Amino acid sequence: MNSDSVTKQNRRRFLKLAGAAAATLPLNTMPLVLRAASAAGDKMKIGIIGSGKVGGAIGSVWVQAGYDAMFSSRDIEHDKALADRLGANAFVGTPREAAAFGEVVMISVPYHALPGVGKDLADQIKGKVVIDTCNPFTFRDGEIATWARERGAGVASAELLSGARVVRAFNAVSYRCMGVAYKQPGQFGMPIAGEDANAIAVASRLIRDIGYEPVLVGGNEMGKYLVPGTRLAGERAPDEIRKIAATLD
Ligand SMILES: NC(=O)c1ccc[n+]([C@@H]2O[C@H](COP(=O)([O-])OP(=O)(O)OC[C@H]3O[C@@H](n4cnc5c(N)ncnc54)[C@H](OP(=O)(O)O)[C@@H]3O)[C@@H](O)[C@H]2O)c1
């Protein structure tokens, strides 16, 4: 057997195991408006690092779905205004406070900020599920992006956020769709990549709760395809993502 077929076979085994773990959680498929009124007790607290276009859009729909979320950035006045608009489930803090608050943490900063964020928040994110939306662009982020692209974004982010259980998600769709996907639940797929089956299950639930169907494409090494400009990028149906992912190594 050549190394290509071994890699594909290992990946298929990994996807099967991680998929089985994800299926054991009570994944909720009710429309968002219904879910918001139910089961508030089983909702994890979410810390959001970076409350710009992506952190603001996704965090807002999680809050609308009944999650408690703490927004953070280096501009607390901006975050206060956002939280005021969202109501009682939205909180504001420093990045450290948000990372400590969240049972799950989402990081949505420009890639050049990721090494610093990873170091500053190392104690707070250790062992936690961290959703990484960050994309390395050399024109914006400089050398760290060149390094991350050479390694592959999934492997690079896991290294920069070492100690956390990283799941790459929301990377290659527009922030404009993130706040409205719940209106057509399941119509759009969300390719995700990560190594830890339980973290994948937790992230999958959060992704489903805002209207996307999560599609696991593989471990950290497959995170290199979760960036704009690849064949997986853009708003796609879940089956389309599965078909494309099956052709990738
Ligand atoms: N825009 C999209 O459609 C899209 C889609 C998918 C993925 N992404 C990726 O997701 C990430 C965020 O994108 P975005 O469009 O949301 O960017 P954005 O609108 O510029 O927001 C970035 C946020 O990060 C905060 N931030 C920057 N440096 C920080 C630091 N050191 N500590 C804490 N917070 C910091 C910014 O606030 P302050 O500067 O005030 O701190 C801001 O709240 C990027 O890596 C991007 O490539 C973007």
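**Exercise 1. Find the strand that holds Val130, then decide whether Val130 is buried or exposed.**

Step 1. Val130 sits in strand E5, residues 129-132; strands are DSSP runs of type E with at least two residues, helices are runs of H or I with at least four, and both are numbered from the N terminus. Before going on, note that this is a predicted model: local features need pLDDT of at least 70, side-chain atom pairs count only at pLDDT 80 or more, and totals for chains, interfaces and linings use all residues. Residues are numbered from 1 along each chain as its sequence is written.

Step 2. Val130 is buried because it has 28 C-beta neighbours inside 10 Å. The rule is that 20 or more other C-beta atoms within 10 Å of a residue's own make it buried, 12 or fewer make it exposed, and anything in between is partly exposed, with C-beta atoms placed from the backbone.

Step 3. Leaving out residues up to four places away in sequence, Val130 touches Val105, Ile107, Ile125, Leu161, Ala164, Arg165 and Val166. Contact here means C-beta atoms, placed from the backbone, within 7 Å.

**Exercise 2. Work out how strands E1, E2 and E3 are joined.**

Step 1. Start with E1 (residues 46-49) and E2: they run parallel, joined by 4 bridges. Two strands pair if DSSP finds at least two bridges between them. Ile48 stands opposite Phe71 of E2.

Step 2. Follow the chain from E1 through H3 to E2, and you trace a right-handed β-α-β crossover. Right-handed means that, with the strands pointing away from the viewer, the path from the first strand over the helix to the second runs clockwise.

Step 3. Now move to E3 (residues 90-92), which pairs with E2 in the parallel sense over 3 bridges. Val92 of E3 is the bridge partner of Phe71. E2, helix H4 (residues 76-86) and E3 also make a right-handed β-α-β unit.

Step 4. Look at the side chains of E2 (residues 69-72): Ala69 and Phe71 point one way, Met70 and Ser72 the other, and all are buried.

**Exercise 3. Which residues have the most contacts inside the largest nonpolar core?**

Step 1. A nonpolar core is a set of buried Ala, Val, Leu, Ile, Met, Phe, Trp, Tyr and Cys residues joined through C-beta atoms within 7 Å. The largest one has 74 residues, and Trp62, Ala69, Ile192 and Ala203 have the most contacts inside it.

Step 2. Helix H12 (residues 197-208) gives the most to this core, with 7 residues.

Step 3. Beyond its neighbours within four places in sequence, Trp62 is in contact with Ile46, Tyr67, Ala69, Leu206 and Ile210.

Methods. Two residues are in contact if their C-beta atoms, placed from the backbone, lie within 7 Å.
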